[in-house]
Amino acid sequence: MAEVKLTNVNKVYPNGAHAVRGVNMEIADGEFIVFVGPSGCGKSTLLRMVAGLETVTEGDLHIDENRINDVSPAERNVAMVFQNYALYPHMTVRGNMSYGLKNRGDSKEEIEQKVIEAAKTLHIEDFLDRQPNQLSGGQRQRVAMGRAIVRNPKVFLFDEPLSNLDAKLRVQMRIEIKKLQRKMGVTSIYVTHDQTEAMTLADRLAVINNGQIEQMGKPIELYKDPKTLFVASFIGSPQINLMSAQYDGKILKSGTLEIDGFENLPVAEELVLGLRPEHLRIDTKGKLAMNIDLVEQHGADNLVYGTLEGAKNEDGEDLELCLRLNQDQEPSIGETITLSYDHTNALVFSKETGKRLI
Amino acid sequence: MKRVQFSHSPIPYLFIAPQIIIICIFFLWPAAQAIYQSFLLEDAFGLSSQFVWFKNYKDTILTDAWLQSAGFTLVFSFLVTFLSLALAMLLAVKANEVIQGARTYKTMLMWAYAIAPPVAGLMGNLMFNPLIGDLYYFLNAMGWDFNHKLDSFDAGFVVVLIAVWKQVSVNFIFFLSGLQGIPKSVLEAATIDCKSNLRRFWTMTFPLLAPTTFFLVVINITYAFFETFGIIDTTTGGAPGGSTSTLVYKVFTDGFRGNDLGGSSAQSVVLMVMVLALTVIQFRFIERKVHY
């Protein structure tokens with residue numbers, strides 16, 4: 001059981017690339033933290049620094065009371081699951097799982113018992129004597145998990161562990177990872193670019209952009225109360241609808257479209273208005289007119305795509321709007337519908353700074 | 001039962017013909033000649049010959065000189081193979097860890113690859129020359145009463161050193177590419193599982209390099225057996241007293257210097273059988289041990 005603390009952590013590569021910029025974070029014992037962000041944002045680098053696979057240029061890493069900057073990866077008592085599983089190809093499943101324990105100097109009986117126990121938890125006890133190349137992707141994933149849990153580490157580190165699996169297996173493993181982490185109560189850090197994984201797994205979520213933590217909090221907080229435009233656009237699927245807007249002191253306008261209900265916004269500044277697809281509804285008295293281009297039926301709900309009359313997106317083009325409806329509401333393509341919105345859910349950002357205003 | 005579905009078109013035979021012709025002309029024919037020759041006793045001028053059955057074998061193979069040469073060949077091949085592989089692996093592992101200036105470093109290590117064995121031998125000859133050789137003076141200055149012209153151990157040392165030096169670069173290239181073929185994440189996972197660098201090398205890197213190593217063992221034994229001919233010819237010439245004469249070199253000296261074509265052929269037939277046996281053993285071994 002362990003707490004992890006990152007204090008002003010920086011990573012600068014020899015070629016000058018500043019991958020991680022001044023990250024501060026305190027992770028409580030048993031907490032499941034997810035780092036999410038676009039590729040190249042530094043989330044994997046940060047994880048690899050905790051694992052000890054990358055050196056820390058500046059700042060301090062602590063696990064419990066111990067500063068681990070200069071501790072070798074094997075002595076940090078962490079376990080990592082890699083994206084491509086990184087199983088040892090010349091060892092059996094049993095060999096893969098017992099390798100770390102053997103090097104730690106555990107006794108033979110102890111190792112055997114721990115391996116069997118972990119294999120049972122992950123339902124891989126039938127494959128113990130197989131080579132990794134005789135296993136399917138899902139089974140390899142389980143072995144990689146098994147190799148991690150068998151060491152009973154202080155911290156689990158996951159580097160996009162599900163991205164090589166097919167969609168169905170991914171959902172299944174996601175649930176299993178979450179259950180396993182709950183049961184074992186091990187502090188975990190999980191890196192992903194998949195925001196569904198991030199939302200569902202995390203106790204707390206850190207959205208990382210350009211080497212910095214953009215915002216950190218409970219997934220639902222980040223969804224409802226994003227502090228920046230980046231967080232708002234990254235969290236939520238389908239993505240939030242963003243339109244460029246100006247406030248003239250009385251009314252908010254996007255292109256020629258007038259959107260009322262907003263007050264106390266800065267005048268003469270480029271703004272961005274964000275409306276989530278689920279916060280729009282069909283309303284015959286509504287003031288937003290939408291021309292429908294496409295309807296996607298997802299079963300429980302329908303996603304409707306089209307253009308919003310008059311409104312402009314951030315690049316000054318006609319706004320492509322997405323709208324989420326119940327399965328029983330199915331407008332037809334080519335139809336024009338009117339929408340209303342609940343302005344208490346609307347988000348307004350400054351375009352220049354990306355900071356949220358309302 | 002169906003008969004063969006293809007009509008007998010001559011085209012496939014045409015395609016494999018060049019290869020077959022090459023094998024016939026450059027391997028089967030000389031090999032058959034050697035076997036035939038090994039049963040003949042020829043006079044020194046090549047004017048007459050006599051069929052003598054296995055007399056040549058009896059007279060050349062079961063001699064002290066041949067057994068001595070066979071013994072030297074085995075020790076020499078083992079030393080050259082082992083040392084050049086071990087050194088190359090060490091260099092490759094270390095070079096693979098270098099980050100700054102890696103390319104220059106690797107290129108420098110590969111350079112010796114471009115040198116032909118006789119040239120390497122010639123360079124060695126100069127370096128160990130009793131009159132101007134730097135290494136000759138160095139070894140003597142170190143307190144070793146070194147003279148490869150007189151002492152067979154010293155002569156062996158010279159040919160092994162040069163043969164290893166020449167071969168390290170080839171092995172280095174293969175090991176380096178083998179190392180780069182090992183997934184980085186596997187080694188990273190091992191870093192988390194195992195603290196000791198040395199232990200990690202023997203449990204991860206070494207077994208994962210096994211296919212490369214095996215291939216190189218085959219290549220290096222062949223090299224030590226045959227290709228070191230040029231090195232031996234230009235350094236010791238088998239001296240002193242035939243103590244650095246490998247089997248191949250002995251075939252050459254007996255046949256072309258001693259003009260005993262029958263005896264020389266008999267030796268080459270025995271050598272051929274030995275290499276054949278060695279190859280079979282090696283490939284039996286690869287099928288069982290080196291796979292993952």
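Reader: How many residues of chain A are in contact with how many of chain B?
Author: Bear in mind that this is a predicted model, where local features need pLDDT of at least 70, side-chain atom pairs count only at pLDDT 80 or more, and totals for chains, interfaces and linings use all residues. Residues are numbered from 1 along each chain as its sequence is written, while chains are lettered from A and ligands numbered from 1 in the order in which they are written. Two residues are in contact if their C-beta atoms, placed from the backbone, lie within 7 Å. On that basis the count for chain A is 19 residues, touching 15 residues of chain B.

Reader: Which elements give two or more residues to the side of chain A that touches chain B?
Author: Elements here are DSSP runs numbered from the N terminus: helices (H or I) of at least four residues and strands (E) of at least two. Going by those runs, the elements that give two or more residues to that side are strand E6 (78-81) and helix H2 (93-104) of chain A.

Reader: What is that side of chain A like by class?
Author: Ala, Val, Leu, Ile, Met, Phe, Trp, Tyr, Cys and Pro count as nonpolar, Asp, Glu, Lys and Arg as charged, and the others, Gly among them, as polar. Sorted that way, the side of chain A that touches chain B has 12 nonpolar, six polar and one charged residues.

Reader: H2(A) also packs on H4(A), so at what angle?
Author: Axes are lines fitted to C-alpha atoms, for helices over the stretch in contact, and angles run from 0 to 180 degrees between N-to-C directions. The partner, helix H4 of chain A, covers residues 137-149, and the two axes are 8 Å apart. The angle between H2(A) and H4(A) is about 25°.

Reader: Which word describes how H2(A) and H4(A) lie to each other?
Author: Angles under 35 degrees count as roughly parallel, over 145 as roughly antiparallel, 65 to 115 as roughly perpendicular and the rest as oblique. H2(A) and H4(A) are therefore roughly parallel.

Reader: Which residues make the contact of H2(A) with H4(A)?
Author: By class, this contact has three nonpolar, two polar and one charged residues. H2(A) brings A:Val93, A:Asn96 and A:Met97, and H4(A) brings A:Val143, A:Gly146 and A:Arg147.

Reader: How many helices and strands does chain A have?
Author: The C-alpha trace of chain A spans about 75 × 45 × 35 Å along its principal axes. Within it there are eight helices and 20 strands.

Reader: In what order do the strands of the open sheet in chain A come?
Author: Two strands pair if DSSP finds at least two bridges between them. Five strands of chain A form this open sheet with antiparallel pairing, in the order E15-E19-E16-E17-E18. Strand E15 (280-282) and strand E18 (318-326) each pair on one side only, making them the edge strands. The twist from one strand to the next averages 45°.

Reader: Which residue takes a positive phi in the hairpin of E9(A) and E10(A)?
Author: Strand E9 (residues 204-209) and strand E10 (residues 212-217) of chain A pair in the antiparallel sense over five bridges. Along that pairing, A:Ala206 stands opposite A:Met216. The hairpin has two residues between the strands, and the one with a positive phi near 55° is A:Asn210.

Reader: Over in chain B, how do H5(B) and H7(B) lie to each other?
Author: Chain B has 13 helices and two strands. Helix H5 (residues 117-127) and helix H7 (residues 152-180) of chain B have axes that come within 10 Å and cross at roughly 130°. H5(B) and H7(B) are therefore oblique.

Reader: Is B:Asp59 buried, exposed or partly exposed?
Author: B:Asp59 is found in helix H2 (residues 55-61) of chain B. A residue is buried if 20 or more other C-beta atoms lie within 10 Å of its own, exposed if 12 or fewer, and partly exposed in between; C-beta atoms are placed from the backbone. With 16 other C-beta atoms within 10 Å, B:Asp59 is partly exposed.

Reader: How far apart in space are B:Asp59 and B:Gly263?
Author: In sequence the two are 204 residues apart. C-alpha to C-alpha, B:Asp59 and B:Gly263 are apart by 7.5 Å.
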